[in-house]
Amino acid sequence: MHSSRTHAKTPRGLLALALGAGLVSAALGTAVPASAQPAPVSPAGSAVTANARYVGGADDAAGDKAFFDAVLKSVAKRQAANPSLASVTVYYNATQAPSFRSQISSSASIWNSSVSNVKLRSTTGSADFRYYEGSDSRGSYASTNGHGSGYIFLDYAQNQQYDSVRVAAHETGHVLGLPDHYSGPCSELMSGGGPGPSCTNRYPNSTERSRVNQLWANGLAKALAKVNKAG
């Protein structure tokens, strides 16, 4: 899984990346002809340089923080405009990742049952972040585009090799503020692909759960203060 790179109306100028004829399968190991696979898309003009990969790579803590800050800012603006909202909700749009609909839904359910200060909810409209699917030699990742928004990209081949729900839950962990920690054990969700393909744990451990709750209590309060001051 990659690390971090959200609030977006339907992205303008999305750049369709052509899939090569060599693609042979979709997310759950079901063979799908290359011609039948949807082309992966990414915000036009972005470098799309992932900060860290699910299977390991250059960990960029600044990139992780940039993605989280973008989501936090998006949510804070909505909370400031609707101060009566009882709970903090992060909205995601998965319409551009139809092959992973089940995995993304399971990932959201896992996080919703694991933390109390923030909840994930699906929408088909304006969202705080989006999911995309396709084929990328770097694998799956979450990435900011350098313009205050970002997305999670789920790679076909990687999701055949590794537990697909774990991949989605790991990348979603970046949205909630957690960095990669590849040297961690399988019981640590943010260890990503570090423990190898045999690791199928899909749940954050107690430390990860506590950290997310802390971030969405203190971090959101600070973001709201900035939004209200700017307004």
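The following legends describe close-up views of a predicted model.

Residues are numbered from 1 along each chain as its sequence is written. Because the model is predicted, local features need pLDDT of at least 70 and side-chain atom pairs count only at pLDDT 80 or more, whereas totals for chains, interfaces and linings use all residues, and side-chain values use heavy atoms, with hydrogens and water left out.

**Figure 1. Overview of the chain and its secondary structure.** The chain contains five helices and seven strands, where helices (H or I, at least four residues) and strands (E, at least two) are DSSP runs numbered from the N terminus. Read from the N terminus, the order of elements is β-β-α-β-α-β-β-β-β-α-α-α. Of the 231 residues, 50% count as buried; buried means under 20% relative accessible area, exposed means over 50%, and partly exposed lies in between (1.4 Å probe, protein chains only). The accessible surface of the chain is about 10200 Å², and 53% of this area belongs to carbon and sulfur atoms. Accessible areas come from the Shrake-Rupley method with a 1.4 Å probe; for residues, only the protein chains shown count as cover.

**Figure 2. The disulfide of Cys 186 and Cys 199.** The structure holds one disulfide, a term for a pair of cysteine sulfur atoms within 2.5 Å. The sulfur atoms of Cys 186 and Cys 199 are 2.0 Å apart, and the link is right-handed, with 90° about the S-S bond. Both Cys 186 and Cys 199 lie in the loop between helix H4 (164–175) and helix H5 (206–230), and the pair, 13 residues apart, links distant parts of the chain. Cys 186 is partly exposed at a relative accessible area of 28%, whereas Cys 199 is buried at 2% relative accessibility.

**Figure 3. His 181 in the loop between H4 and H5.** His 181 is found in the loop between H4 and H5 and is partly exposed, with a relative accessible area of 38%. Not counting residues up to four places away in sequence, His 181 touches Glu 188, Met 190 and Ser 191, where contact means heavy atoms within 4.5 Å. Gly 193 lies twelve residues from His 181 along the chain, and the C-alpha atoms of the two are separated by 9.8 Å.

Figure 4. Twelve of the twelve residues of H4 are buried, so the helix is largely enclosed by the rest of the structure. Among these buried residues are Arg 166, His 170, Glu 171 and His 174. Gly 177, which follows H4, has a positive phi near 110°.

**Figure 5. Helix H5 and its N-terminal cap.** The 25 residues of H5 should span 36 Å, and the end C-alpha atoms are 36 Å apart, which agrees. Asn 205 caps the N-terminal end of H5, with a side-chain oxygen 3.2 Å from the backbone nitrogen of Thr 207. The buried residues of H5 include Glu 208, Asn 213, Trp 216 and Ala 223.

Figure 6. A pair of aromatic rings is described by the distance of the centres and the angle of the planes. Rings of Phe, Tyr and Trp (its six-membered ring) pair if their centres lie within 6.5 Å; planes under 30 degrees apart count as stacked, over 60 as edge-to-face and the rest as tilted. The structure holds eight aromatic pairs. Phe 68 and Trp 216 form an edge-to-face pair, at 5.6 Å centre to centre and 85° between the planes. This pair links distant parts of the chain, 148 residues apart, with Phe 68 in helix H1 (residues 61–81) and Trp 216 in helix H5. Phe 68 is buried, with a relative accessible area of 8%, and Trp 216 is buried at 2% relative accessibility. Ring pairs also link Tyr 132, Tyr 141, Tyr 151 and Phe 153 into a cluster.

Figure 7. Ser 114 lies in helix H2 (residues 101–114) and is buried, with a relative accessible area of 15%. A polar atom of the Ser 114 side chain lies 2.6 Å from the backbone oxygen of Ile 110. Leaving aside neighbours within four places in sequence, Ser 114 is in contact with Tyr 203, Pro 204 and Arg 209. Ser 140 is placed in the loop between strand S5 (129–134) and strand S6 (141–144) and is buried at 0% relative accessibility. The side chains of Ser 140 and Asn 159 are joined by a polar contact of 3.3 Å. A polar contact is a pair of N or O atoms within 3.5 Å; within protein, one must be able to donate a hydrogen and the other to accept it, and residues adjacent in sequence count only if both atoms are side-chain atoms.

Notes:
Expected span 1.5 Å × (residues − 1).
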